[in-house]
Amino acid sequence: MTTSWVSIIISVISLLVSFGSVIFNIVKDKRDNAELIVNWDDKTRWCYGLFDRSKGKTIAGIENGQMEFEIRVVNPSNYDIGYFDFRVFNPKSENGELQEIDYSSPAQFNKINDTEDMNVDMILLPNGESRFPVVLPSEHGIFPAHQETVLAVVIDPASVKSVCFVFKIARKKGHFSNQGSSQRWKYAFSKFQSYSGEIKINLKNKPDYKSLKKRLDQIRADENNDRSDK
């Protein structure tokens, strides 16, 4: 009788351990394969410079002004997720074809324009405000695990009503996957998951960039005079 009860208890414990193991594996698999959470601004804002806080250096684009919008990506999974084929374009061009729009990227930093090794992590706004920490998007990059990445997309003023972004990630689509609006832009034919969104161009309240440029030129002239005096 005692032996029978011991066998039953051992069997129950074994079942509980097995059940617990199954639950653990299900939860782990769900966290390992958690989907990205992607949000973005509904319209652009004016900005006047990119700033590297570690070097205290500014790249000012204030000849004609610049516009910026942000894409916020949360990666809740246990692994870094790579993205690639990042693009910005005009979805409503006259000829019906996708018209790509250039955006500021670390690939543009080099010795020729004296921006080598810059790590832009702040966007300067004309009203004295700033946006940080941010990351300039590249054609490909990484969304670190358990973190939010804010992609700051900086473009020249566009005479269009809206712009769109799209990118793929290094995960294959499921058999019944539906990535929403990205299907409209031929990404339906890719075997990889993709994300996309549309942002309205806001041309209102454009700052006086000529005054900003004069002020910045004066600051730089004063800095150069201080260096020459020393």
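Mentor: By the pairing rule, in which rings of Phe, Tyr and Trp (its six-membered ring) pair if their centres lie within 6.5 Å, the count comes to ten aromatic pairs. This is a predicted model, in which local features need pLDDT of at least 70 and side-chain atom pairs count only at pLDDT 80 or more, while totals for chains, interfaces and linings use all residues. Residues are numbered from 1 along each chain as its sequence is written, and side-chain values use heavy atoms, with hydrogens and water left out.

Trainee: Why is the pair of Phe84 and Phe192 called edge-to-face?

Mentor: Planes under 30 degrees apart count as stacked, over 60 as edge-to-face and the rest as tilted. The ring centres of Phe84 and Phe192 are 5.4 Å apart and their planes stand at 90°, so the pair is edge-to-face. Phe84 belongs to strand 6 (residues 81-90) and Phe192 to strand 13 (residues 192-200), so the pair ties together parts 108 residues apart in sequence. Strands (E, at least two residues) and helices (H or I, at least four) are DSSP runs, numbered from the N terminus.

Trainee: What makes Phe84 partly exposed?

Mentor: Buried means under 20% relative accessible area, exposed over 50%, and partly exposed in between (1.4 Å probe, protein chains only). Phe84 has a relative accessible area of 25%, so the residue counts as partly exposed. Phe192 is likewise partly exposed, at 25%.

Trainee: How do you know that Phe86 and Tyr103 form an edge-to-face pair?

Mentor: Their centres are 5.3 Å apart, with 75° between the planes. Phe86 lies in strand 6 and Tyr103 in the loop between strand 7 and strand 8, 17 residues apart. Both residues are buried. Phe86 and Tyr103 also belong to one aromatic cluster, whose members include Trp40, Phe143 and Tyr195.

Trainee: Why is Ser105 called buried?

Mentor: Its relative accessible area is 9%, so Ser105 is buried. Ser105 sits in the loop between strand 7 (99-100) and strand 8 (122-124). Beyond its neighbours within four places in sequence, Ser105 is in contact (heavy atoms within 4.5 Å) with Pro137 and Ser138.

Trainee: What makes strand 4 and strand 9 edge strands?

Mentor: Two strands pair if DSSP finds at least two bridges between them. The open sheet of four strands has the order 4-3-8-9, with antiparallel pairing. Strand 4 (57-60) and strand 9 (130-131) each have a single partner strand, so one side of each lacks a neighbour in the sheet. Strand 3 (residues 49-52) is joined to strand 4 by four bridges, and Asp52 has Lys57 as its bridge partner in strand 4.
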